[in-house]
Amino acid sequence: MTLAVDARFTAEVGEGDSRFTVEVELALPSGVLVLFGPSGSGKSVTLQALVGASHVTSGHISLGGEAIIDVARGVEVPSHLRRIGYVPQHHALFPFCDVTENVTFGLPRSSRRRVPPEVEALIEEFGLAHVRAAMPEGLSGGERQRVALARALAVAPRLLVLDEPFASIDRAGKDALLDCLAGVLERRRLPAVLVTHDSREAKRIGSVVVGFERGRTIGPVELREHDDAPGDGVRRGT
């Protein structure tokens with residue numbers, strides 16, 4: 001079976017005494033792969049390796065059976081050719097663009113003048129049609145993050161990666177957005193990798209949950225009620 005994400009690698013960021021190394025094993029058949037663990041455990045470095053922003057020193061990463069990194073064979077696909085959509089914790093919207101302009105920013109110029117139907121569908125699915133002409137400063141936090149999600153998906157990526165994008169949203173808004181995102185991903189059969197240290201969030205959307213401790217994966221793991229990070233109350237998968 002071809003995996004949506006198949007990775008076994010070592011990556012590092014920083015230099016000298018500040019160098020941080022992670023050792024990672026990931027396997028996702030389909031759905032959402034959740035990287036779960038406390039701050040500083042290696043989750044974000046793993047995302048950076050996927051998108052090409054951290055140095056992979058050994059191993060491989062494949063998406064849908066295609067290698068984007070294989071150190072032994074000298075394969076390293078440039079970041080801009082990996083077709084990975086990225087959503088950071090802070091929405092990073094362009095303040096001088098309205099909602100529609102932000103969503104279509106990564107499209108060819110011709111597609112920005114006349115929004116393609118599939119992008120119009122994203123705007124509708126994320127509940128942004130009524131604010132499509134609004135500027136970011138006039139949006140709520142949840143609406144801004146919906147714009148960021150729609151923008152990442154508008155370019156038709158083969159993988160969506162999300163680095164704690166719901167951390168600053170209140171519980172009710174987070175639950176609604178998680179349900180919305182899950183529906184969008186399922187309808188498009190698009191795999192995703194989500195970083196979080198919120199067990200409720202992980203259980204709500206995750207197909208596979210991989211725990212992180214001190215720069216190493218420990219999963220897959222099974223989360224129990226009220227877990228906040230790998231350790232007590234977390235059972236490793238068999």
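Reader: Is Arg 216 buried, partly exposed or exposed?
Author: In this predicted model, Arg 216 counts as partly exposed, at 49% relative accessibility.

Reader: Where is Arg 216 placed?
Author: Arg 216 is part of strand S11, which covers residues 216-217.

Reader: And what is Arg 216 in contact with, leaving aside neighbours within four places in sequence?
Author: Its contacts are with Glu 23, Ser 41 and Gly 211.

Reader: How far apart are Arg 216 and Lys 43?
Author: In sequence, 173 residues separate Arg 216 and Lys 43, while the C-alpha to C-alpha separation in space is 9.1 Å.

Reader: Let us stay with the loop between S10 and S11. Which residue there is placed with a positive phi?
Author: Arg 214 has a positive phi of about 50°, although it is not a glycine. Arg 214 sits in the loop between strand S10 (208-213) and S11.

Reader: Is Arg 214 buried or exposed?
Author: Arg 214 is exposed, with a relative accessible area of 82%.

Reader: What about Glu 164: which phi does it have, and is it buried or exposed?
Author: Glu 164 is not a glycine either, and it has a positive phi of about 50°. Glu 164 is buried, however, with a relative accessible area of 13%. Its place is in the loop between strand S8 (159-163) and H6.

Reader: Turning to H6 itself, at what angle do H4 and H6 pack?
Author: Helix H4 (residues 117-125) and helix H6 (residues 171-188) pack at about 150°, and their axes are 11 Å apart. Angles over 145 degrees count as roughly antiparallel, so that description applies to H4 and H6. H4 passes H6 in a right-handed crossing.

Reader: Which residues make the contact?
Author: H4 contributes Glu 118, Ala 121, Leu 122 and Glu 125, and H6 contributes Cys 180, Val 184, Arg 187 and Arg 188. By class, the contact has four nonpolar, four charged and no polar residues.

Reader: Cys 180 is among those of H6. Is Cys 180 buried or exposed?
Author: Cys 180 is buried, with a relative accessible area of 15%. Cys 97 is buried as well, at 8%.

Reader: How many disulfides does the count come to?
Author: The count comes to zero disulfides.

Reader: One last topic: where is Thr 10 found, and what does Thr 10 touch?
Author: Thr 10 lies in strand S1 (residues 5-13). Not counting residues up to four places away in sequence, Thr 10 touches Thr 21, Val 22, Glu 23, His 55, Val 56, Thr 57 and Ser 58. With a relative accessible area of 19%, Thr 10 is buried, because buried means under 20%.

Methods:
Residues are numbered from 1 along each chain as its sequence is written. This is a predicted model: local features need pLDDT of at least 70, side-chain atom pairs count only at pLDDT 80 or more; totals for chains, interfaces and linings use all residues. Side-chain values use heavy atoms; hydrogens and water are left out. Axes are lines fitted to C-alpha atoms, for helices over the stretch in contact, and angles run from 0 to 180 degrees between N-to-C directions. Helices (H or I, at least four residues) and strands (E, at least two) are DSSP runs, numbered from the N terminus. Angles under 35 degrees count as roughly parallel, over 145 as roughly antiparallel, 65 to 115 as roughly perpendicular and the rest as oblique. A crossing is left-handed if the near helix is turned anticlockwise from the far one by less than a right angle, and right-handed if clockwise. Contact means heavy atoms within 4.5 Å. Ala, Val, Leu, Ile, Met, Phe, Trp, Tyr, Cys and Pro count as nonpolar, Asp, Glu, Lys and Arg as charged, and the others, Gly among them, as polar. A disulfide is a pair of cysteine sulfur atoms within 2.5 Å. Buried means under 20% relative accessible area, exposed over 50%, partly exposed in between (1.4 Å probe, protein chains only).
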